[in-house]
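This briefing goes through the fold of one protein chain by topic. Please keep the sequence and the coordinates at hand while reading.

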Amino acid sequence: MAEGISKVIKQRLENAGVRYHCNDNISKYLEEGDLEKLQQEVETAFQNVLNTLVIDTDNDHNTQETAKRVAKMYVHEIFGGRFKKHPRITAFPNMGYKSLYTSGPISVRSTCAHHFQNIVGNAWIGIIPEDGVIGLSKFNRIVHHIAERPQIQEEMTTHIAQELQKFAKTEHVAVVVKAEHHCMTQRGVKEHESDMTTAIMHGAFSKDASTKKEFYDICLSMKGHD
Ligand SMILES: [Zn+2]
């Protein structure tokens, strides 16, 4: 039997000496046609999970196509940020606006790396531009691309801030993420009312208390705080 594509990809990553944790993007190490093969391999593996859960997928019409649907969802949707190339983001020259601007709420749909349960919430972003600016919708694209991976919220927030610094070409970046964790609400402590909020402040947002306050005041005036 031919070696599974996941092993082939793993070997490429190990040869290159790069990390491939749950929240790493590995698109650089994929070749044409790999994702289709990977989806097929995940489908077989997930079918095994269903078999092991003693579900008669041959006769149960509701689960006949489940392995296929889950594999497609993992590879192309909820973990797509691991496999898809980074969205194209071009910074334009800044013609003079050097004050704070904020964007949000930006929807966050991610997956908890510990339990593979949903993380559902919003992000708010603050930027004080320097020499470059990026289009407003690019913030959403950056957040969605990073969110579509298994991870923990703290690392996701840090990662969003790093990418924004890189693409918006400014050190002054603030990111707040407020989210519900289904591993808290659907299982374990079953705490339905609890959210987790994480915040990363860089540049003026960490050094200057009034800039930080201005950002939080604007965030509170924006939608999504119910
Ligand atoms: Zn969890």
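How many helices and how many strands are there in the protein chain? The chain has 9 helices and 7 strands; the model is a predicted one. Its C-alpha atoms fill a box of roughly 60 × 40 × 25 Å along the principal axes. Of its 226 residues, 27% count as buried. Among contacts between residues at least 6 apart in sequence, 70% join residues at least 24 apart.

**Sheet**

- Five strands form an open sheet with mixed pairing, in the order β5-β2-β3-β6-β7.
- The edges are β5 (150-151) and β7 (196-201), each of which pairs on one side only.
- Strands β2 (residues 101-112) and β3 (residues 118-127) run antiparallel and are joined by 9 bridges; in this pair, T102 has G126 of β3 as its bridge partner.
- Helix α6 (residues 153-168) packs on the sheet and touches β2, β3, β5, β6 (173-181) and β7. The direction of α6 makes about 150° with that of β6.
- β3 also pairs with β6, in the antiparallel sense and over 9 bridges, and I127 stands opposite V173 of β6.
- The pairing of β6 with β7 is antiparallel as well, over 6 bridges; here K178 has T197 of β7 as its bridge partner.
- Strand β6 has 8 of its 9 residues buried, so the rest of the structure largely encloses it.

**Nonpolar cores**

- In soluble globular proteins, nonpolar side chains tend to be buried together.
- The largest nonpolar core holds 29 residues, and A123, I125, V143 and V175 have the most contacts inside it.
- At least two residues of this core come from each of β2, β3, α5 (136-147), α6, β6, α8 (204-207) and α9 (209-221).
- β6 gives the most to this core, with 6 residues.
- Setting aside neighbours within four places in sequence, V175 is in contact with A123, I125, T157, I160, A161, L164 and I200.

**Contact of α1 with α2**

- The axes of helix α1 (residues 5-16) and helix α2 (residues 34-52) come within 8 Å and cross at roughly 125°.
- The two helices, α1 and α2, are therefore oblique to each other.
- From α1 the contact takes I5, S6 and I9, and from α2 it takes D34, K37, L38 and E41.
- By type, the residues of this contact divide into 3 nonpolar, 1 polar and 3 charged.

**Backbone geometry**

- Most residues other than glycine have a negative phi, and most peptide bonds are trans.
- The peptide bond from G104 to P105 is cis, with omega near -5°; P105 is found in strand β2.
- V54, a residue other than glycine, has a positive phi near 60°. V54 lies in the loop between α2 and α3 (66-78) and is exposed, with 6 other C-beta atoms within 10 Å.
- K169 is not a glycine either, yet its phi is positive, at about 55°. K169 lies in the loop between α6 and β6.
- Is K169 buried or partly exposed? K169 is partly exposed, because 15 other C-beta atoms lie within 10 Å.

Technical notes:
Residues are numbered from 1 along each chain as its sequence is written. This is a predicted model: local features need pLDDT of at least 70, side-chain atom pairs count only at pLDDT 80 or more; totals for chains, interfaces and linings use all residues. Two strands pair if DSSP finds at least two bridges between them. Helices (H or I, at least four residues) and strands (E, at least two) are DSSP runs, numbered from the N terminus. Two residues are in contact if their C-beta atoms, placed from the backbone, lie within 7 Å. Axes are lines fitted to C-alpha atoms, for helices over the stretch in contact, and angles run from 0 to 180 degrees between N-to-C directions. A nonpolar core is a set of buried Ala, Val, Leu, Ile, Met, Phe, Trp, Tyr and Cys residues joined through C-beta atoms within 7 Å. A residue is buried if 20 or more other C-beta atoms lie within 10 Å of its own, exposed if 12 or fewer, and partly exposed in between; C-beta atoms are placed from the backbone. Angles under 35 degrees count as roughly parallel, over 145 as roughly antiparallel, 65 to 115 as roughly perpendicular and the rest as oblique. Ala, Val, Leu, Ile, Met, Phe, Trp, Tyr, Cys and Pro count as nonpolar, Asp, Glu, Lys and Arg as charged, and the others, Gly among them, as polar.
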